[in-house]
Amino acid sequence: MLVVVNPAKADVDVLLQAGQRGDGLAEITVPEAYVGDDVHVYLVFTLLDDLLSTGGRDAIANSVFAGTVTVT
């Protein structure tokens, strides 16, 4: 899962099926209104089936803060 937090807009964008950990790459499209904003990016590693079946409770493992980037 890929999570983008935009503090300036008090908004969060989530891509549930961002890919496999071994892919080494994930992309997400954020709203045009984010251009120029600094956003915080997180990677969340879990099995989608586990996440959906539990409603998120106890399903998430190993979240990683990937950094802060400016949307261009």
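Buried means under 20% relative accessible area, exposed means over 50%, and partly exposed lies in between. Keep these cut-offs at hand for the exercises on this predicted model.

**Exercise 1. Classify Phe65: buried, exposed or partly exposed?**

Solution. 
- Step 1. Take the value: Phe65 has a relative accessible area of 46%.
- Step 2. Compare it with the cut-offs of 20% and 50%.
- Step 3. Phe65 is partly exposed, because 46% lies in between.
- Step 4. Repeat for Tyr42. Its relative accessible area is 31%, so Tyr42 is partly exposed too.

**Exercise 2. Find the aromatic pair and name its geometry.**

Solution. 
- Step 1. Search the whole structure. One aromatic pair turns up.
- Step 2. Name the partners: Tyr42 and Phe65, with 5.1 Å from centre to centre.
- Step 3. Read the angle between the planes, 55°. Stacked needs under 30 degrees and edge-to-face over 60, so this pair, at 55°, is tilted.
- Step 4. Tyr42 sits in strand S3 (residues 38-45) and Phe65 in strand S4 (residues 61-70). They are 23 residues apart, so the pair links distant parts of the chain.

**Exercise 3. List the elements of the chain in order.**

Solution. 
- Step 1. Count them: one helix and four strands.
- Step 2. Start at the N terminus. The order is β-β-β-α-β.
- Step 3. Look at the whole chain. The average pLDDT is 84, and 76% of the residues score at least 70.

**Exercise 4. Describe how S1 and S2 are joined.**

Solution. 
- Step 1. Locate the strands: S1 covers residues 2-6 and S2 residues 11-15.
- Step 2. Pick one bridge. Val5 has Val12 in S2 as its partner.
- Step 3. Inspect the turn. Four residues lie between the strands of this hairpin, and Ala10 takes a positive phi near 50°.

**Exercise 5. Which residues make up the largest nonpolar core?**

Solution. 
- Step 1. List the seven residues: Leu2, Val4, Ala18, Tyr34, Val39, Val41 and Val71.
- Step 2. Trace the suppliers. S1 and S3 each give at least two residues to this core.
- Step 3. Follow one member, Val39. Beyond its neighbours within four places in sequence, its contacts include Val4, Tyr34 and Val71.
- Step 4. Widen the view. Of the 72 residues in the chain, 22% are buried.

Conventions. Residues numbered from 1 in each chain as written. Predicted model: local features only at pLDDT ≥ 70, side-chain atom pairs only at ≥ 80, totals over all residues. Heavy atoms only, no water. Pairing = 2+ DSSP bridges. Phe/Tyr/Trp six-rings, centres within 6.5 Å; stacked < 30°, edge-to-face > 60°. Buried < 20%, exposed > 50% of the residue type's maximum accessible area, 1.4 Å probe, protein only. Core = buried A, V, L, I, M, F, W, Y, C linked by side-chain atoms within 4.5 Å. Contact = heavy atoms within 4.5 Å. pLDDT = per-residue confidence, 0-100.
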